[in-house]
Amino acid sequence: MSEPVKVAIIGSGPAGLSAASRAAQLGLSHVLLEKTDHLSDTIYKYQKGKHVMATPNRLDLRSDCRFDEGARETILGIWDEDAASNKISVAYHAEVVEVTGEKGAFQIKTAKGDIIVAEHIVLAIGTQGNPNRMRCPGNDLPHIIYTVDDPEDFKDKHITVVGSGDAGIENALGVAEEALENTVTILNRSKDFARAKPKNVSDMMEAGENGSMSIRTETQPKLVEPGWLTLETPTGDEKIECDVIVARLGSVAPRAFVESMGIEFTGPDREAFPKLSPTFETTVPGIYVIGALAGYPLIKHCMNQGYDVVEFLNGNQALTPADEKDLAAIFAGLPQQKSVSEWLEFLRTRIRIFADVSPLQMREFMLDSKIAFYRTGDVVFEKDEPGSSLFAIADGQALVEVAPGVTVPIEEGSIFGEVGLISGRKRGARIRAGADSIFVEVSRTAALKLMGSVPGAKRVINRISLERQLLQIFKGGLTVEDLAPVVDDAEVIRVPAGKVVLQEGDAGDDVYVIRSGSMVVEKDIGGKPIFLRYLPAGSYFGEMAVLSGAPRNATVKAAVGSEVIKLTGAGFKAMLAARPQVREATEKAVAERAQMNSFIESRKASYSSAVDLYSDTATFIMKEGLGEATDALLIDENLCVGCDNCEKACADSHEGLSRLDREAGKTFAHLHVPTSCRHCEHPHCMADCPPNVIHRGPDGEVFMEEGCIGCGNCMRNCPYGVIRMEAAPPEKPSLLRWLLTGFGPGPGEPSPKWTKANMPEGKKPKKIAVKCDMCKGISGGPACVRACPTGAAIRVSPEEFLSIARLEEDAG
Amino acid sequence: MASLFQRRRNKATQTERIRERRHEGFLRHADFRWAKISGGLCLLVIISYALVDVTPRHNGGSWYGYTLGTIGAGLILWLTALGYRKRKMTSTAWSLKAWTSAHVYLGLSLIVIGTWHTGFQLGWNVHTLAWALMMLVILSGLYGVIAYATLPKALSNNRDEMTQMQMLEAIRAFDRQLHAAAQPLTPEDTAPVLAALEEDPFAGSIGARLSGRYPKCATAAALRTLSASRSSDAEAREKVVGLLSQKEAALTRLRRHLRIRGLLEIWLYVHVPLTFALIAALSAHIISVFFYW
């Protein structure tokens, strides 16, 4: 057992390193525990030469280590220097397996059996976890690796990949590249590849068929020897040549380890973080959590927290966080003068959704939020304006214009704008300040994070949003009180794509409101399901049966993964009975829908082929995921001559990279859905963007602003494969010069060869995410459509494209 | 006519974008706006030609002839500008479709403007050369219009959701499998398979590409030889024959793809150079006319 230290820091990434440096500078006895033989393993494992970004730009760095954006090697080099100059005491190969004891005398046991005694512990272990190791004899040999940095490091080798999840398959495909001349074998313990994505499995199967890889199922490694690997196969043991083993057996998430110390998390879901005090202290006194594990994946945040946490545990009470001046700037425009912490407390006590939020979380949310003072009558936002942020009323009140001249007040402490947050659709009404007011505007990402980490906030937002959605749909003087019986029994149901919610002919009187996603309505006519209508989020269905008492007259199913709110028929009827105007309006809407249904039915008899085509086209479009699109590129292949001018225009209107692949994608009845962004209602790409640079713009476009760190999350999250990770090519010579002298690559995206040859010396471009921004800021609109010589390319939203007018035109 | 020029100002601000709800081809663009304008222009020329009395007779040198000639020359230069315009991306509201539509219909109107400009005086001289080149350019353009109107459907049908790269990749995949499958064959059976493997899918003359006929196709030859051969192990040979016929089908698809793309593009290799020849002849025509003065 060694000397007790004041603080033991577990994990030597940016957060841990910065904490240890601060401790060393303050002269605290400390030890930095690192499980590998080098600092900052996560960044160490980045691919060679990867450009590391330093976002957010507005945040100042406060650390004894330096950091600026640059290549992985440069950054790691600087940190090694700083670790040495700060005289940090580092224990390498110190993997922590157990922590016992309490504040003042924690006992930290490492895998080697050493015990370290520390008064405080700072956990900075990130979220990567430890890779599972191979278990057969010989598993400690050096030629077993757990990551592949660069497939090109392996040439002419016998490589065996163990584990056939996505990581294993991707590594195997990487090293099996023909030019590398490796002999690659991939092992799978079971018969099928259930854990991997279908795309990866099919790529692997193809590689297997054409002989570039050998795939062995129901096979596991039995004995590892230098140069050889013995396999246990269904037909007995077999020894194969093997120079390198890539083991991709998944990893143990750090959560179990953290919980084993007694630290509580905010909730059971995957996104939950440890509960933390404003000084990063967990529910176990003396243990602090910082960095990615605390929910801050960006390097700068991590480094600042490392500095702060050591200052805090050294007794520095006066330290204000590095974001103090940013927060002060956020509050600067308000009429009252208060300190940052007073403001935070003011908001926390006044606003219902912030009631359960910790002071630390509050700082975080405010950094992603705006707060503003509005005079009586000021417009906060207009009806039909796109926007997905959430507003909370800290002071005063808001007035919703539900109809011209009719307003409904929203009281202090409540929220508005939540419909855009949940459904991603445009604003439903104009909002004005009803008195001199202070409103907080929380960005969509911050609001979603709030809902994810604070269950109380989620409940409040859900309840309010349901009430509002119903008020908006059923208008006519309904009040929140009228809705109470409906809302109390309401149930939110998740519906996977394609699942039937209502079946034609069934009895039932529940009414459904689409909260997110979209639905299609079909009717069985002549033994064939005929598409009747597309219902976007915010619509309701099932009301016909309530009014008529008859069985369901059409089938409703989810076009994409959706959420619906089920209201009981009895509650709905009670609501209608309370307000005759609502009943009248609903009956009118029902009559309109019924009229359209009978129109299609009547057409079916006389123009069956037109109706069939309309219906089949609609089905195809929904199958291609356009049910969640707000604006998609559709190509009529009766008109497309394949000139690719759309792609060229796209590249030339942006920084030389095309955001669409015309030829790829599915086609039905000559209607082609190319690989290009659909600007989804709930953009998958937005789900996990560490620097939060993906937003929805004023025209509904989903775009990226500056500051992409090149992590590739959005690319992997996009189910339609429309985001590329690419570096911008150098500028091209002008078009006239190309036309007259042939100099340069001509219109469109330059070839990789030209780009390589013309890249200025010493400039290594960053690969960042490239996606369609619907030609935001270009007054003429999308270049792909304007550049189509034949009119084959148009951009449409599904409800416009599948309008009934289309059928009327076709049917004549 | 006024309504034709009443352009819907595409005030494409970021909050209110004008969008088309349906596909509308360049020929139908804006309810045949340019067909109507061009037709009206032709009608105007024909009627005024009959009404205007030029002595001694209609010819290119009269004031009326000069007017038509100037309009025609201006049109030719404007029509040529399409080649630049389609490659030049600008940010303002314009549509290449509208340009194409105007290009087609105004180009056709040149038949009337140009011919009526001559006063039907044709001969063996540089003036008639310019006229003849213009007619050839229009004729090749007419082919282009027909190709654009009819071929895309065939291209789409043949492609069957595959991209050109995927077609090539499919052929390469068959090649790799053939390479492995042909190992047990006898040398005389291997030779044609090797020839098939070495074949470049893009090889072949322009004639072959446009007609889609490749009589010297090594894959087809290998398929014939191996189907008739009795020398190798039957099972191995059958596998190779199967792969060869799959490869042949993939090749046929790619060749049909290249053929249709070729047919969609080949006319431009006539249309564009002829346009430049026309502009040269036109310049000569205009300069020489000044000597007559």
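This is a predicted model: local features need pLDDT of at least 70, side-chain atom pairs count only at pLDDT 80 or more; totals for chains, interfaces and linings use all residues.
User: Why is Leu740(A) called exposed?
Analyst: Its relative accessibility is 71%. Exposed means over 50%. Leu740(A) therefore counts as exposed. The residue lies in helix α21 of chain A.

User: Which residues form the nonpolar patch on the surface?
Analyst: Leu736(A), Leu739(A), Leu740(A) and Tyr84(B) form it. Together they have about 380 Å² of accessible area. Helix α21 (residues 735-741) of chain A gives the largest share, 3 residues.

User: What makes Glu637(A) and Arg159(B) a salt bridge?
Analyst: The closest N and O atoms are 2.7 Å apart. The cut-off is 4 Å, so the pair qualifies.

User: Why does this pair join two chains?
Analyst: Glu637(A) lies in the loop between β36 (632-636) and α19 of chain A. Arg159(B) lies in helix α6 (residues 126-159) of chain B, so the pair joins two chains.

User: Are Glu637(A) and Arg159(B) buried or exposed?
Analyst: Buried means under 20%. Glu637(A) has 3% relative accessibility and counts as buried. Arg159(B) has a relative accessible area of 3%, so this residue is buried too.

User: How many salt bridges cross the interface of chain A and chain B?
Analyst: The rule finds 2. It also finds 19 residue pairs in polar contact there. On the side of chain A that touches chain B, β37(A) gives the largest share, 6 residues.

User: What area is buried between chain A and chain B?
Analyst: About 4,400 Å². Carbon and sulfur atoms give 49% of it. Val641(A), Glu663(A) and Arg786(A) supply 15% of the area that chain A buries against chain B, more than any other three residues. The contact takes 65 residues from chain A and 43 from chain B.

User: Why does the salt bridge of Arg62(A) with Asp308(A) tie together parts apart in sequence?
Analyst: The closest N and O atoms of this pair are 3.0 Å apart. Arg62(A) sits in the loop between β3 (51-52) and β4 (70-71) of chain A, and Asp308(A) in helix α7 (residues 299-313) of chain A, so the bridge ties together parts 246 residues apart in sequence. Asp308(A) has a relative accessible area of 5% and is buried.

User: What makes Arg255(B) and Glu199(B) a salt bridge?
Analyst: Their closest N and O atoms are 3.6 Å apart. That is within 4 Å, so the pair counts. The pair links distant parts of the chain, 56 residues apart. Both residues are buried.

Technical notes
Residues are numbered from 1 along each chain as its sequence is written. Chains are lettered from A and ligands numbered from 1 in the order in which they are written. Side-chain values use heavy atoms; hydrogens and water are left out. Patches are made of residues with over 30% relative accessible area and no salt bridge: like charges are joined within 9 Å, nonpolar side chains (Val, Leu, Ile, Met, Phe, Trp, Tyr) within 5 Å. Accessible areas come from the Shrake-Rupley method with a 1.4 Å probe; for residues, only the protein chains shown count as cover. A salt bridge is a side-chain nitrogen of Lys or Arg within 4 Å of a carboxyl oxygen of Asp or Glu. Helices (H or I, at least four residues) and strands (E, at least two) are DSSP runs, numbered from the N terminus. Buried means under 20% relative accessible area, exposed over 50%, partly exposed in between (1.4 Å probe, protein chains only). Contact means heavy atoms within 4.5 Å. Buried area is the accessible area (1.4 Å probe) that two parts lose on being put together, summed over both. A polar contact is a pair of N or O atoms within 3.5 Å; within protein, one must be able to donate a hydrogen and the other to accept it, and residues adjacent in sequence count only if both atoms are side-chain atoms.
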